[in-house]
Amino acid sequence: MEIEEEVIFDSVQYMNMELMRFTTAGSVDDGKSTLIGRLLYDSKSIYEDQYEAIKKTSEQKGEEYVNLALLTDGLRAEREQGITIDVAYRYFSTPRRKFIIADTPGHIQYTRNMVTGASSANLALILVDARHGVVEQTRRHAIIASLLQIPHVVICINKMDLVDYSKEVFETIEKDFRQFATKLDVKDVRFIPISALLGDNVVDRSKNMPWYEGPTLLYLLETVHIASDLNHIDCRFPVQYVIRPQSTEHHDYRGYAGRIVGGVFKKGDKVLALPSGFTSKIKSIDTYDGPLNEAYAPMSVTITLEDEIDISRGDMIVRENNVPISGQDLEVMVCWLTDKPLQLGGKYAIKHTTRNARCIIKDVKYKLNINTLHRNEDDRTIGLNDIARISIRTTAPLFYDSYRRNRNTGSLIIIDEATNVTVGAAMII
Amino acid sequence: MNYNLNHLKELEAESIYVIREVAAEFQNPAILFSGGKDSILLTHLARKAFFPAKIPFPLVHIDTGHNFYETIEYRDQLVADLGARLIVGSVQQAIDEGRSVEEKGFNASRNALQTVTLLETIEANKIDAAMGGARRDEEKARAKERFFSHRDEFGQWDPKNQRPELWNIFNARKGMGEHFRVFPISNWTELDVWQYIHMEGIPLPNLYFSHNRNVFMRDGVWYAETDFMPRRESEPVINKVVRFRTIGDATCTGATLSGAASMEEIIQEVAASRVTERGGRSDDKRSETAMEDRKKAGYF
């Protein structure tokens, strides 16, 4: 292979990169695909053969410039119809961070896909067309970001080139959004004027908007503080799998394998196992690379205890003085993900952390209008893309925290027992 | 105190979590092992996931009969080291027994036949979750793949009707005769894989490092001279210094002219590369949506 330019790649730096997940939302016309294409292209995450392929397609379609949006259209139907069907994941990195983009479509099944993309994101990137300002879709995306507790929201006011790079237009949109956002539960909101098509303030600072003194989008993505996004206070360890080697060497070994979803566990800590309520001490925190003195979210480890107590998959190991709520009656906000409406009184399977159970839908409190935040207590028909507050009762107790406190112990999925399809995404209030 | 993982450690933790979820939720899972670096990485992560116990499921190798011998050698050594069980699904056997018909001509490939043997092997061994080393950054159809990818009773993938996947909660429920494909390293990029293999000191088949080999050029791609790939008169064999960036069936894996002989050199080369790793794979070049079409039918 011919190497065209000498890239000096720093292996040591690569080992110190953080992982940041963000979700994008916006309709086709907002230039979302163009923006992602621009980030990938300008950060040199696009390979020559990929670029040549989209260049060829752009030319065949008679388009004026290379359509960077084509980079994100994966499936045959999408290429044919020029739309995005499903959540697609994109990757790029800079020397500071590795990024995973959950790219969600703006139109069909928007809420379902937005919620899916938002569920694991550190940051939501919402596009606003500078010519149209804050519209219904902007509000919808912001409400979902708020509901899903995405810690950081960036509003990209795009197509600034089409409004003469006007400071007034930018400020009006920022003011409009801030006014609306007072109703939301979003802690960190930023605004950036950009042109995804021409590259202003995406990777390189715009010469056309000297009045803007904030960071470029890429710089913001690289530097926004995400280390505190995980809960490092409440110790939560859902047991995934019990490791018993049954070999001569590890004859009596019994390790609880799982991923820490909150807090910091240390060797010697006094812990409590749920649901049994038995207490013990952490004997060791094991990994293939050797034992650890402490472990924290989101590490995957194996914990052994001093005492032999009965613990199996679906149980949770916590600190004695900081326990989650245990209960069978839950109030949740649910996003409905399928055509067949939610059945009041219906029974469903659920999965919460590593625990499988069943539930019955006891009540629908209200349906949330996700354009206005209005609570409609009269309309209780919950169909595809609807968001509602409901009450459920589970067959077995769950060990949970509110979703606001911990996105892992506060979330669960609802599954149709006949089709096995995931039909609801629920956040515990 | 800084409670921060670097991105490779976070990817490792995520993959281990997914692998353990598979072991816990399925009766009869397996790793699809191709001998390529991605399935080697996957197997390494599985070893970590269950330490100090052995990997509690077998490795499945779909053998086209057109493998590099280095791949088979590596596979057998690894299986011995792990104390794992190996299941081989043989494409040659399927052809001999008349269940598969070989393509003819110069560009004949057993790529499509792998799908038949893979599905037969899954069915014969009652495998309900087949873990693969596919990554989302590899190819545009894979960018939409789930970690837990549901397959119907014909082994087909329905990309327009995938189950939504939220948070880290994986829905493993399925009907009779259905199975899952699971991709624990979905979020890794090619560079992540190389850097991690280097960091962990995982041994790789020599094919990945530069060596002298008899090759010939077809459609702009260098192929290894082998008994099972007929050549045209216009395709002379030349000895070159090459290495392989991906390793699949020898009839569809192109070699890269490269002097990269160490992990450090390979990482520099991958970081500087301007062509995707699948750029050397003729199986992807058959059409714009070649991968999507094969995946729908039940390919890896």
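Tutor: In this predicted model, the C-alpha centres of domain 1 of chain B and domain 2 of chain B are 22 Å apart. The contact between them draws 25 residues from domain 1 of chain B and 25 residues from domain 2 of chain B. On the side of domain 1 of chain B that touches domain 2 of chain B, at least two residues each come from helix H2 (37-50), helix H3 (69-82) and helix H8 (290-297) of chain B. H2(B) gives the most to that side, with 5 residues. By residue class, the side of domain 1 of chain B that touches domain 2 of chain B has 9 nonpolar, 10 polar and 6 charged residues.

As for the bounds, the domain assignment of chain B gives domain 1 as 7-189 + 289-297 and domain 2 as 193-284.

Now the other chain. Chain A contains 8 helices and 21 strands. Its radius of gyration is 24 Å, close to the 22 Å that the globule rule gives for 429 residues, so chain A is as compact as a globular protein of that length. The C-alpha trace of chain A spans about 70 × 60 × 40 Å along its principal axes. Among the 429 residues of chain A, 47% count as buried. Of the contacts in chain A with a separation of 6 or more, 71% are between residues 24 or more positions apart.

Key:
Residues are numbered from 1 along each chain as its sequence is written. Chains are lettered from A and ligands numbered from 1 in the order in which they are written. This is a predicted model: local features need pLDDT of at least 70, side-chain atom pairs count only at pLDDT 80 or more; totals for chains, interfaces and linings use all residues. Domain bounds come from an automatic or database domain assignment. Two residues are in contact if their C-beta atoms, placed from the backbone, lie within 7 Å. Helices (H or I, at least four residues) and strands (E, at least two) are DSSP runs, numbered from the N terminus. Ala, Val, Leu, Ile, Met, Phe, Trp, Tyr, Cys and Pro count as nonpolar, Asp, Glu, Lys and Arg as charged, and the others, Gly among them, as polar. The radius of gyration is taken over C-alpha atoms; the globule rule is 2.2 Å times the number of residues to the power 0.38. A residue is buried if 20 or more other C-beta atoms lie within 10 Å of its own, exposed if 12 or fewer, and partly exposed in between; C-beta atoms are placed from the backbone.
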